[in-house]
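Let's take a walk through a protein model together. Keep the structure open beside you and turn it as you read.

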Amino acid sequence: MTLALSVDGLSVWYGEERAVHSVALEVPVGKVLALIGETGSGKSSVALAAARLLPPRARMEGRVLVAGEEMSALSGAQLRRLRGEKVGFVTQDALAGLNPVMRVGRQIAEVFQFHRNLNRRESAARAVESIEQVRIPEPAAVARLYPHQLSGGMRQRIMIAIALALRPPVVIADEPTTALDVSTQADILRLVRELCAELGTGILWITHDMGVVAEVADLVAVMYAGRIVEHGHAASVFDRQQHPYTRALLRTLHDMRAGQPGDPLFQIEGQPPSLNTVITGCPFHPRCPMATSLCATEEPVSQRFGGLEGTESGLVACHHLGDQAGAMT
Amino acid sequence: MSPDDAVLSFENVTKRFGQRVAVDAVDFALTRGRTLGLVGESGSGKTTCIRLALGLERATSGTVFFRGVRLGRSRRSLRPVRKQLGFVFQDPYDSLDPRMTLERIVGEPLKIHGVRRSERSERVRAALSDVGLPDAPLDSYPARFSGGGRQRIAIARALVMQPSALLCDEPTASLDVSVQAQIVNLLLSLKQARGLSMIFVSHDLGLVRRIADDIVVMYGGRVVEAGSAAGIYERPRHPYTAALLAAVPGEHPRRRRITSARRAIGEASGSPAVDSEPPAADVTGCVFAARCPRADRSCRTTRPALELLPDGRKVACFFPVGEEGTSDAASGPADGGEVVPAVPVGPLSAHMQGAAGVSGGAAVTSGVDVSLD
Amino acid sequence: MARRLIVRLFQGALTIFGVAVLTFLLEFIIPGNTAHAIAPRATAATLREITKTLHLNAPLWVQFGDYMKGLLHGNLGESYVQREPVSTLIGQRLPATALLAGAGVLVEVVVGGTLGIAAGLKRWMSRGVNAISLTFLSIPTFVLGLFLLLIFGFDLNIAPVTGGMSFGALILPALTLGLGGVPWYAQLVRDQVAESLSSSYVRTAIAKGLPDRWIIVRHVLRNAFSPALTMVGMDLGIFISGVVVVETVFGWPGLGQLAVQSLDSLDRPVVMGVALVGATGVVVMNIVVDFLRMYVDPRTKLATA
């Protein structure tokens with residue numbers, strides 16, 4: 001299995017507060033890994049760290065390998081070469097993510113100008129091709145527009161076109177459909193899956209929505225309080241969730257789609273911990289129906305289940321792995 | 001339902017902002033004791049409707065009635081209505097003044113409506129306790145609370161006057177998934193305990209399905225479909241509603257719903273400024289015509305009225321879904337010509353049925369019939 | 001676009017009319033006998049004669065009507081004191097003031113902009129720039145002017161200190177005028193640069209792998225300078241009406257000097273003329289800037305169209 005992106009022992013601090021705790025992830029070529037989590041889970045910090053785009057006040061530790069090349073140690077010109085060439089980045093809010101005073105065609109073209117040494121005319125032509133690739137009709141006309149003249153869905157397509165311009169092996173997308181309407185989200189989900197298969201791009205897709213995971217992911221990693229609590233193939237995670245938190249998220253989704261109208265919704269008690277909460281033991285134990293005294297004192301390490309390889313395997317960090325699968329349903 | 005049952009009703013209400021029509025000749029009513037889900041994407045006019053109901057905007061034409069009384073224009077005439085109407089907005093970080101204590105935030109409506117100071121503290125205390133914050137210090141500030149806690153405070157403020165109706169504008173949209181259910185359940189139990197009537201604005205179709213009795217679907221400032229929640233989810237009649245439901249993500253990676261290369265609704269090809277955003281000015285025909293796979297010439301020239309179908313549903317469409325064949329020709333305009341088959345039909349029905357298998361015949365998915373054959 | 005121009009021109013005309021009315025009224029509030037000011041040593045009969053010729057006794061609205069009638073024909077009246085058409089007097093002074101205004105704004109933009117960019121890009125520079133800004137802000141213009149005169153004119157003898165118009169003579173007044181505005185530009189540009197640097201679109205640019213210099217020039221600066229453009233327009237407009245203090249300190253033969261002299265001698269038509277030229281300057285510059293901004297920031301095209 002060739003890896004587009006591999007992250008190992010990744011930790012991120014903002015001042016004294018630690019947002020990410022030794023996270024490990026692997027995105028195979030041509031596959032989508034969905035990283036799901038709530039506010040403060042550290043999912044966006046993982047995305048930014050993997051793209052080496054953390055703000056200056058943040059500090060990171062750990063290894064990031066892009067298509068086998070170590071990116072975490074690079075700086076300056078070497079890092080610039082990898083950005084765009086090896087890693088594309090898509091933000092949540094494309095209106096803010098695009099330069100408001102530059103035509104969208106130019107914003108794509110500059111990528112070719114720098115990485116491919118093309119002149120203005122050639123790079124403009126390549127930009128139009130990039131716009132066409134994300135299924136925008138009349139790409140040449142759209143290239144001449146400014147971001148505010150495009151709809152939300154079109155803007156996100158342009159962001160994707162920028163990220164994919166140089167056909168990088170990996171694209172990191174930070175909640176790319178969260179700000180969009182349901183119908184536009186559906187269009188983008190479809191587009192990304194098609195392009196991923198077409199170009200063999202590996203995608204790290206950050207989201208808080210299990211429905212989006214169900215639609216787009218080949219692999220899932222569930223984050224809670226800066227840690228990955230479950231990691232595995234999407235289908236097997238959905239089939240046999242091992243971690244109580246994953247189970248709760250899936251039960252919420254199922255409840256929305258299939259629960260009886262009028263009944264109370266399935267709810268998880270409590271709040272996700274904030275960054276400055278001191279955590280002892282398993283971070284989920286205060287909200288977990290299965291928690292025992294062990295959970296309150298000792299942090300569980302990731303254990304492999306379902307064998308070493310194949311689509312039925314995965315990693316889970318829970319003391320009660322395999323205790324009872326249907327405890328919460 | 002008799003008109004006496006209407007708590008809040010919109011009659012032919014239009015709101016313009018300059019050239020733009022935000023709400024266009026809208027008719028709907030909130031029935032006593034029920035929850036009305038107001039559904040639509042950005043720019044559909046749903047939030048403007050809430051602002052009109054609260055008297056925060058004035059209708060350009062048409063009338064909003066509250067318990068049979070016309071919503072007046074003056075502040076004074078709005079006061080008794082506001083007493084009866086609680087409201088909760090989307091962003092609990094935005095809607096609570098960070099410099100005000102809980103007592104002032106929750107007690108503000110009491111003060112406005114002239115409740116004595118001595119009585120206020122007690123009622124604030126009671127309201128906070130009703131929303132699950134019995135121990136919150138009255139002199140604390142919103143900053144102490146997380147998103148869910150803040151939204152509870154907002155709900156306490158909305159209910160402190162003991163209103164008969166509650167208007168909620170996406171009250172859980174900015175909350176975490178694991179907190180969202182807590183707030184919704186709180187609203188549901190309060191509604192039940194007090195016999196509240198409620199309008200729940202949302203773009204989350206899954207959530208609306210779970211809590212609404214009736215649904216109004218808006219697009220481009222107009223009501224395109226209205227009816228019972230169960231009925232609409234089971235059998236959407238407007239092509240927009242059908243496409244919207246088909247765009248809701250599924251439940252399992254093995255049973256994906258958004259699969260084919262076809263578009264759920266279809267971004268208007270060639271005109272880059274629009275996909276789900278509404279038309280900028282008046283549209284002579286149907287607002288959805290530009291994106292509708294079923295539209296023909298008549299849809300672009302004649303505006304379909306919101307008509308009552310035999311099954312009690314109201315639909316503004318010449319070619320409602322699931323009514324192909326003879327009735328179409330009859331209900332369509334004279335030059336209607338041939339009926340254009342719906343593009344999303346095939347995959348849509350397939351997905352809906354697929355999902356039905358998972359959910360075990362839940363209302364959302366059972367018996368969806370949008371196919372032509 | 002044409003519609004917008006027409007609307008703006010109409011608004012501008014209204015503004016200028018408003019200024020005309022206000023100035024006219026204000027001049028009547030100023031105490032003093034006009035006839036006496038014109039001819040201080042004249043006899044009573046002469047004063048009566050002057051009053052009659054200039055219609056100084058006519059009711060306010062009649063005088064205003066006469067003045068507006070003249071204005072519509074492009075006639076700004078005649079100076080009471082110098083007996084020359086006001087337009088001629090202003091025409092003689094306008095180039096000097098325009099030159100000074102342009103040079104002053106150039107100093108503001110170049111010095112303020114550079115400091116602002118530096119402060120926005122490098123945190124440690126920010127403190128230094130703050131100190132410089134505070135210094136310039138707390139020094140009154142005339143003190144700064146005299147100070148510059150002292151150092152460069154007398155001690156170092158680099159720049160000429162005498163009045164008159166020459167390139168050398170322009171340096172000191174332009175510096176005085178410009179340095180006073182530097183803090184505003186420095187702070188505005190610094191804030192804009194800092195905001196732009198932390199923006200999502202700059203992050204996108206970094207993710208593209210573009211060189212820093214390119215990101216700063218193409219992505220940061222263009223966004224940062226758009227608000228400064230509005231300030232340039234306003235300053236140019238304001239400076240056009242004459243910069244009284246600076247022109248007085250340096251003996252620069254501009255409109256400001258003319259205005260002061262005319263006010264002294266109650267030379268109403270000239271004061272009116274200068275005020276109107278100033279108002280027109282502000283209005284015109286605002287319209288120019290408005291349209292320039294549409295090219296710099298395409299979003300403004302939509303916002304007010």
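We'll start with how the model was made, then visit the chains and the places where they touch.

This is a predicted model, in which local features need pLDDT of at least 70, side-chain atom pairs count only at pLDDT 80 or more, and totals for chains, interfaces and linings use all residues. Residues are numbered from 1 along each chain as its sequence is written, while chains are lettered from A and ligands numbered from 1 in the order in which they are written. Here pLDDT is the predictor's confidence in each residue, from 0 to 100. The model as a whole scores ipTM 0.90 and pTM 0.83.

Let's begin with chain C. Its secondary structure comes to 14 helices and 0 strands. (Helices are DSSP runs of H or I with at least four residues, strands are runs of E with at least two, and both are numbered from the N terminus.) The C-alpha trace of chain C spans about 85 × 55 × 30 Å along its principal axes. As for confidence, chain C averages a pLDDT of 82, and 93% of its residues score at least 70.

Now find helix 5 of chain C, residues 86-121. How far apart should its ends be? The expected span of a helix is 1.5 Å times one less than its number of residues, so the 36 residues of helix 5 of chain C should span 52 Å, and the 50 Å between its end C-alpha atoms agrees with that. Look also for a kink of about 35 degrees at C:Arg93, shortly before the proline C:Pro95. (The bend at a residue is the angle between axes fitted to the seven residues ending there and the seven starting there.)

Next, see where chain C meets chain A: 19 residues of chain C are in contact with 23 residues of chain A. (Two residues are in contact if their C-beta atoms, placed from the backbone, lie within 7 Å.) On the chain C side, helix 9 (200-207), helix 10 (212-240) and helix 14 (299-304) each supply at least two residues. Helix 9 of chain C gives the most, with 6 residues. By class, this side of chain C has 8 nonpolar, 6 polar and 5 charged residues. (Ala, Val, Leu, Ile, Met, Phe, Trp, Tyr, Cys and Pro count as nonpolar, Asp, Glu, Lys and Arg as charged, and the others, Gly among them, as polar.)

Chain A also touches chain B, in a contact that takes 47 residues from chain A and 51 residues from chain B. Which helix of chain A gives the most to that side? Helix 8 of chain A does, with 9 residues. The chain A side has 25 nonpolar, 14 polar and 8 charged residues.

On to chain B, where the domain assignment (automatic or from a database) gives domain 1 (3-218) and domain 2 (220-359). Their contact takes 26 residues from domain 1 of chain B and 25 residues from domain 2 of chain B. On the domain 1 side, strand 2 of chain B gives the most, with 9 residues.

Chain B has an open sheet of 8 strands in the order 6-7-8-3-9-10-12-11, with mixed pairing. (Two strands pair if DSSP finds at least two bridges between them.) Strand 6 (85-88) and strand 11 (307-308) of chain B stand at the edges with a single partner strand each, so one side of each has no neighbour in the sheet. Within chain B, strand 9 pairs with strand 10 (residues 222-228) in the antiparallel sense over 6 bridges, and B:Val217 stands opposite B:Glu225 in strand 10.

Elsewhere in chain B, strand 1 (residues 6-17) and strand 4 (residues 61-66) pair in the antiparallel sense over 5 bridges. B:Phe65, in strand 4 of chain B, is the bridge partner of B:Ser9, and B:Phe65 also stands opposite B:Arg70 in strand 5 of chain B. Strands 4 and 5 of chain B form a hairpin with 2 residues between them, and B:Arg67 in the turn has a positive phi of about 45 degrees.

Finally, a word of caution. The mean pLDDT of chain B is 79, but pLDDT stays under 50 over residues 261-278 of chain B and is below 50 over residues 325-373 of chain B. Where pLDDT is low, the predicted coordinates should not be read in detail.
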